[in-house]
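Student: I have a structure open and want to work through it with you. Can we start with confidence, then go on to a sheet and a pocket?

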Amino acid sequence: MKKGVTKKDDRKIKFDSVKGSKSLGESWEYAPAPESKDHVRLEKKYDLFIDGKFVSPSSGKYFDSINPATEGKLSEIAEANAKDVDKAVQAARNAYNGVWGKMAGKERAKYIYRIARIMQERARELAVIESMDGGKPIRESRDIDIPLAAARFFYYAGWADKIDYAVPGAKANSLGVAGQIIPWNFPLLMAAWKIAPALAAGNTVVLKPAETTSLTALKLAEIIREADLPPGVVNIITGAGATGAALVNHPDINKIAFTGSTDVGKIIQKAIAGTKKKYTLELGGKAANIIFEDAAIDQAVEGIINGIFFNQGHVCCAGSRLFVQESVAKTVIRKLKDRMETLIVGDPLDKNTDIGAINSKDQLEKIKKYIKIGVNEGGEMYQANCPIPSKGFFYRPTLFTNVSQSSRIVSEEIFGPVLAIQTFRTVEEVIEKANNIPYGLSGGVWTDKGSKIFKVTSQLRAGVIWANTYNKFDPTSPFGGYKESGVGREGGLHGLMPYLTIQN
Ligand code: NAP
Ligand code: MG
């Protein structure tokens with residue numbers, strides 16, 4: 001038996017090509033490789049981070065943050081009401097008027113660099129907490145979320161002293177106080193996407209994380225204190241939708257930056273219509289991942305797997321609609337099913353895990369509801385035959401064939417590990433089908449022909465399109481949606497502009 005491989009555990013992986021395996025397809029199992037959580041320190045209770053201090057909520061109310069992989073309680077989190085929101089906005093306003101708004105860019109940069117460096121120093125702790133609180137595999141939080149979050153701060157720190165050159169021939173000024181609301185799928189990363197450009201541009205911030213994943217944002221509050229940011233420059237208020245709504249409706253906010261569902265995005269757009277508040281909205285998606293017959297099929301299959309099963313499909317840009325050219329459809333689907341059988345679903349803290357826990361019970365119910373809809377609509381379902389833990393919120397990787405453009409699982413965002421597969425014959429047909437949806441956040445194209453990449457990517461109505469790869473992010477690159485996937489861009493120079501006013 002291969003070293004490090006055991007038959008005791010109940011998770012299986014096939015090593016068809018491993019030298020010494022007795023027969024093709026023989027099943028081997030990995031020994032558990034859990035990341036240690038000994039170094040993680042969590043408080044029993046977390047207060048609101050306002051004006052540089054942790055303060056109790058005025059209602060005295062706290063809610064539980066649980067680990068979705070065990071259903072165990074991790075900590076209690078303060079619930080901010082309108083009074084607390086007002087306190088946080090006032091603190092941000094005072095910090096803006098008194099210090100941050102007047103500070104030279106090169107001085108602001110030092111603080112932002114410091115945040116980035118402390119995040120790197122505490123990367124392991126942050127990764128483990130992210131996996132415990134949100135359910136994503138440690139491989140992802142360790143190799144993707146935390147490094148990318150630090151990279152955002154590094155990147156925008158570099159802009160802080162160059163704001164005067166952001167728009168040649170014009171003067172760029174900060175806005176004031178930004179209210180920022182983020183979802184649960186990339187908790188620390190989304191906080192970094194929001195806070196870093198706001199600070200670089202000279203604004204102060206009140207941020208609300210999602211109810212189910214507040215812990216890394218509160219750890220970020222500790223880091224911000226350690227970096228010695230002037231009190232009130234960043235305030236972190238926890239709570240549910242009502243807390244977010246109070247922030248949106250606060251009269252002394254200059255800009256709202258929201259990432260979340262299209263439904264809540266529409267509520268926010270309505271709420272601030274007619275006010276002077278600026279806004280950016282990063283909303284839902286239903287990306288088309290398109291595989292042409294001339295693509296490198298094995299790489300494409302890996303790309304499809306990464307596109308939809310990465311982070312349990314809790315990804316706004318997940319490649320949840322797969323379009324395969326008819327001539328290779330049989331092969332692609334067979335290879336996909338084979339690959340799905342090798343995926344390991346289970347403990348997010350285990351380094352072998354490919355698919356961790358679904359973020360919450362509600363989200364698991366939503367996925368199950370869509371599975372029923374898919375089956376009732378006549379879709380043919382295939383689920384990986386892997387074991388899943390009996391406790392916690394888990395779901396098997398799933399694909400559907402025999403679906404059409406009118407199927408709900410093809411047109412609505414599920415936000416889970418569920419792939420809907422359709423076939424096509426011509427380039428024109430697939431462009432039309434891919435665009436025939438209210439969303440337009442992202443997409444993927446797999447082909448050997450550069451000219452086809454240019455033709456398809458220029459006609460797909462989506463903000464980000466990957467070619468021969470999927471789900472790659474970089475702080476220098478703008479990200480955002482067309483149509484109901486959002487308004488405005490985050491990342492790069494584009495992501496700095498919504499935090500500035502331009503005077504010609
Ligand atoms: P959500 O329900 O819209 O929640 C997003 C955030 O808004 C949470 O902090 C939520 O608080 C808060 N919120 C809820 N109701 C509110 C209201 N009336 N006013 C103000 N804030 C309110 O979305 P989610 O389920 O957390 O996240 C999944 C969605 O986010 C998906 O649709 C996904 O596509 C989208 N997303 C988009 C991007 C992008 O870049 N385009 C990135 C990631 C995710 P609570 O959670 O505490 O209730
Ligand atoms: Mg949690």
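Student: Which strand has the lowest mean pLDDT among the elements of the protein?

Tutor: This is a predicted model. Its mean pLDDT is 94, and 94% of its residues reach 70 or more. At the top of the elements stands strand β11 (residues 234-236), with a mean of 99. The lowest mean, 44, belongs to strand β1 (residues 13-14).

Student: In the open sheet of three strands, what is the bridge partner of K45?

Tutor: The strand order is β3-β7-β6, with mixed pairing. The edge strands are β3 (45-46) and β6 (62-66), each pairing on one side only. β3 runs parallel to β7 (residues 73-78), and two bridges join them. In β7, the partner of K45 is E76.

Student: Which element gives the most to the lining of the second largest pocket?

Tutor: This pocket holds about 370 Å³ of space. Its lining has 19 residues; R139, E140, I144, N306 and F310 lie nearest the centre. Two elements give two or more residues: α4 (138-160) and α9 (297-309). With five residues, the top contributor is α4.

Student: Which domains each give at least three residues to that lining?

Tutor: By class, the lining has ten nonpolar, two polar and seven charged residues. At least three residues come from each of domain 1 (50-283 + 485-503) and domain 2 (288-474).

Conventions:
Residues are numbered from 1 along each chain as its sequence is written. Chains are lettered from A and ligands numbered from 1 in the order in which they are written. This is a predicted model: local features need pLDDT of at least 70, side-chain atom pairs count only at pLDDT 80 or more; totals for chains, interfaces and linings use all residues. Side-chain values use heavy atoms; hydrogens and water are left out. Two strands pair if DSSP finds at least two bridges between them. Helices (H or I, at least four residues) and strands (E, at least two) are DSSP runs, numbered from the N terminus. pLDDT is the predictor's confidence in each residue, from 0 to 100. On a 1 Å grid over the protein atoms alone, a cavity is a set of points where a 1.4 Å probe fits but cannot get out, and a pocket is an open set with protein on both sides within 12 Å along at least five of seven lines; lining residues have an atom within 4 Å of a point. Grid points are joined across faces, edges and corners, and a volume is the space filled by probe spheres set on the points. Ala, Val, Leu, Ile, Met, Phe, Trp, Tyr, Cys and Pro count as nonpolar, Asp, Glu, Lys and Arg as charged, and the others, Gly among them, as polar. Domain bounds come from an automatic or database domain assignment.
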